[in-house]
Amino acid sequence: MSQPDSIDAVQKMLGEQGYVCGRALATVVFLSLRLGRPLFLEGEAGVGKTEIAKALASGLGRRLIRLQCYEGLDASSAVYEWNFPAQMVAIRTAEAVGGSDRKGLQEELFSGDYLIRRPLLEAMEPDPAGPPVLLIDELDRTDEPFEAFLLEALSDFQVTIPEIGTIKAPEPPIVIVTSNRTREVHDALKRRCLYHWVDYPDFDRELEILHARAPEAAEALSREVVAFVQHLRTEDLFKKPGVAETIDWAKCLLALDVINLSPEVIGDTLGAILKYQDDIQKLQGSEAKRILDQAKATLEPV
């Protein structure tokens with residue numbers, strides 16, 4: 001599928017995949033595609049940073065390759081590894097049949113047949129459908145040495161394997177980098193990318209998202225859910241619920257055949273929107289009713 005030729009086309013394409021975004025985000029996605037620049041998305045967890053990569057891959061008909069970052073991630077784990085068990089089997093087999101061509105055996109052992117391709121290397125290889133979408137998720141969880149390595153890889157879109165040589169992408173992949181900002185990512189890497197802060201949506205936008213992701217929810221319930229979550233985010237919580245939690249909560253309420261929110265229902269399902277016990281305890285008793293009353297008071301009759 002060809003790339004969208006306008007900002008409106010980006011919004012339409014993403015919307016068809018169930019991803020609702022504003023014009024500012026659609027603009028930076030369009031520019032990233034048009035200029036071939038990596039896109040760096042930063043924001044709180046659960047606001048849709050990862051989902052945009054999935055929607056983009058689906059909308060463009062491209063393969064999605066995900067590199068999930070974690071503390072201690074190194075270049076070898078992100079690029080490639082050798083299949084040592086298979087290499088050992090090949091060595092034992094050669095010894096058993098009396099093979100003497102050591103040079104030939106070595107060339108065979110360090111060929112593509114024994115190479116385990118990790119996400120960065122996979123993203124550099126040609127694909128009949130076109131360059132894949134490479135999602136480098138939660139970069140802020142890694143260490144600075146890996147960030148420095150990634151800076152070089154994204155600059156030239158190539159990686160070097162000592163036993164084989166340099167592998168360069170025939171066409172650069174579409175790169176989406178996300179961060180939950182648990183630590184600051186170095187400016188040098190950000191300068192290689194187009195940047196966008198993904199914030200919590202306003203009421204109308206979040207309601208539109210909920211309609212797209214949980215269309216079976218009744219309008220009245222959807223409005224109450226979004227209003228309650230919007231007010232909940234103004235409270236002093238350790239971890240405010242993201243859009244992902246709004247969607248999960250609505251689906252939980254649907255599974256329970258809930259028609260309207262009540263303090264009792266909220267108390268029974270808080271685990272869908274709050275993930276820390278201290279936060280859940282704050283909403284026990286009259287607190288849930290207070291926030292619900294405030295939320296309902298802001299809702300206009302449908």
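1. Helices (H or I, at least four residues) and strands (E, at least two) are DSSP runs, numbered from the N terminus. The structure is a predicted model, in which local features need pLDDT of at least 70 and side-chain atom pairs count only at pLDDT 80 or more, while totals for chains, interfaces and linings use all residues. Residues are numbered from 1 along each chain as its sequence is written, and side-chain values use heavy atoms, with hydrogens and water left out.

2. The sheet. Strands of a sheet pair through backbone hydrogen bonds, either parallel or antiparallel. Here, five strands in the order S2-S5-S8-S1-S9 make an open sheet with parallel pairing; two strands pair if DSSP finds at least two bridges between them. Strand S2 (64-68) and strand S9 (194-197) are the edge strands, each pairing on one side only. On average, neighbouring strands of this sheet are turned by 20° against each other, direction ignored. Axes are lines fitted to C-alpha atoms, for helices over the stretch in contact, and angles run from 0 to 180 degrees between N-to-C directions.

3. Around strand S1. Four bridges join strand S1 (residues 39-42) to strand S8 (residues 174-179) in the parallel sense. Glu 42 stands opposite Ser 179 in S8. Helix H2 (residues 23-35) lies across S1, S8 and S9, and runs at about 160° to S9; contact means heavy atoms within 4.5 Å.

4. The largest pocket. A pocket is an open set of points on a 1 Å grid over the protein atoms alone, where a 1.4 Å probe fits, with protein on both sides within 12 Å along at least five of seven lines; lining residues have an atom within 4 Å of a point. The volume of the largest pocket is about 650 Å³, a volume being the space filled by probe spheres set on the points, which are joined across faces, edges and corners. Of its 34 lining residues, Tyr 19, Val 47, Gly 48, Lys 49 and Val 198 lie nearest the centre. H12 gives the largest share of this lining, four residues.

5. Where does the largest pocket lie? Domain 1 (7-72 + 117-198) and domain 3 (203-292) both give residues to its lining, so the largest pocket lies between them. The domain bounds come from an automatic or database domain assignment.

6. The second largest pocket. This pocket has a volume of about 210 Å³. Its lining includes Gly 43, Glu 44, Ala 45 and Tyr 276. Because domain 1 and domain 3 both give residues to this lining, the second largest pocket lies between them.
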